[in-house]
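Trainee: I have just opened this one and would like to go through it with you. Could we take it piece by piece?

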Amino acid sequence: MQDQVALITGAGQGIGRGIAVAFAREGARVIVEDLRDDEDSQRTLELVREAGSDGCVLAGDVARVADIQRVVEDGVRQMGRIDILVNNAGIERFAPFLDVTEEDYEQVMDVNLKGAFFASQAVARHLRDTGRRGRIINISSVHEDLPFPNFASYCASKGGMKMLMRNLAVELGPLGITVNNVAPGAIRTPINAELTENPALVRKLLENIPLARLGTPSDVAGAAVYLASADADYVTGSTVYVDGGLLWDYSETRRSAP
Ligand code: NAP
């Protein structure tokens, strides 16, 4: 990934940070995008530098189209180009379907789906205008396929991301832009700390994971590195599952409110 520039949204912690470091090890320069330019995003940039590469931090709310467009413009201005977009920023909101509020629904859909939609548009326009090939990688979830009771808006956003990916693979293929999803299972990050820090819940969850462990951000990053690499030149419109086998061995225990 030498000479490549990657924009990774939500890279201040968790999976996004893991991908930033893995890309840096492969030689890519990294635009660390997150809601705030704070200690967390600066720490990711520090790790990118320790991995032997460089980059910058750009703050923005992916739920706001104007923010995304500004981040892409500033990223191109500071780094000279963008070759790879990783739509990683994502949130989830617990609520039984009957209680979901309009506000929660909009937050989840706007960050997870609208954010990926317009970030992809902004980067694809940049690639078209500069006549270069590129990669779009969405961090979706096993819940692009698998129901998750009490997280209907999250599932709708990730299912939407699956169809967005397939549609863009067809529409952007002629421009030499590949579009793929990485679908993580249960990965230990701050997003699900309430679950992963609860030994009883983890034990129960591990019964549904054939590989019998939670995943790590670097497990997910490995798949993203592959999809960004020349080895994946002919791969587009696909989802790579990084879930220890969970998808095909899962039964939902009705979780109560955290
Ligand atoms: P995380 O630890 O919560 O990290 C998400 C990052 O995104 C945070 O740095 C967060 O910033 C940032 N972010 C949130 N809203 C944003 C916005 N509007 N604009 C820009 N950045 C924003 O979550 P994660 O576990 O690494 O998850 C990353 C992705 O993987 C998500 O799309 C998630 O749905 C997906 N995923 C995770 C798992 C898992 O088990 N962890 C499983 C399947 C899929 P703040 O901290 O400042 O809010």
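Trainee: How far does a polar side-chain atom of Asp34 lie from an oxygen atom of the ligand?

Mentor: That polar side-chain atom of Asp34 lies 2.7 Å from the ligand oxygen, where a polar contact is a pair of N or O atoms within 3.5 Å and, within protein, one must be able to donate a hydrogen and the other to accept it, with residues adjacent in sequence counting only if both atoms are side-chain atoms. Before we go on, keep in mind that this is a predicted model, in which local features need pLDDT of at least 70 and side-chain atom pairs count only at pLDDT 80 or more, while totals for chains, interfaces and linings use all residues. Residues are numbered from 1 along each chain as its sequence is written, and side-chain values use heavy atoms, with hydrogens and water left out.

Trainee: Okay, and how many residues surround the ligand?

Mentor: There are 30 residues around the ligand, and the closest are Ile15, Asp34, Asp61, Tyr154 and Thr189; a residue is near a molecule or strand if one of its heavy atoms lies within 4 Å of it. An N or O atom in the side chain of Gln13 is 2.9 Å from an oxygen atom of the ligand, and a backbone N or O atom of Val62 lies 3.0 Å from a ligand nitrogen atom.

Trainee: Switching to the sheet, what is the order of its strands?

Mentor: The order is E3-E2-E1-E4-E5-E6-E7, an open sheet of seven strands with parallel pairing. Strand E3 (55-59) and strand E7 (239-242) are at the edges, and because each has a single partner strand, one side of each is left without a neighbour in the sheet. Helices (H or I, at least four residues) and strands (E, at least two) are DSSP runs numbered from the N terminus, and two strands pair if DSSP finds at least two bridges between them.

Trainee: How many bridges join E2 to E3?

Mentor: Five bridges join strand E2 (residues 29-34) to E3, and the two run parallel; in E3, Leu58 is the bridge partner of Glu33. Helix H2 (residues 39-50) lies across E2 and E3, at about 165° to E3, with axes being lines fitted to C-alpha atoms, for helices over the stretch in contact, and angles running from 0 to 180 degrees between N-to-C directions.

Trainee: And E5, are its residues mostly buried or exposed?

Mentor: Six of the six residues of E5 are buried, meaning under 20% relative accessible area, whereas exposed is over 50% and partly exposed is in between (1.4 Å probe, protein chains only). Gly134, Ile136 and Asn138 are on one side of E5, and Arg135, Ile137 and Ile139 are on the other. E5 pairs in the parallel sense with E4 over four bridges and with E6 over six bridges.

Trainee: Which helix does Ser120 lie in?

Mentor: Ser120 lies in helix H4 and is buried, with a relative accessible area of 1%. Its side chain is joined to that of Asn87 by a polar contact of 3.1 Å. Leaving aside neighbours within four places in sequence, Ser120 is in contact (heavy atoms within 4.5 Å) with Leu85, Asn87, Ile136 and Leu168.

Trainee: Last one, where is Gln69 placed?

Mentor: Gln69 is in helix H3 (residues 65-79) and is partly exposed, with a relative accessible area of 30%. With neighbours within four places in sequence left aside, Gln69 is in contact with Gln121 and Arg125.
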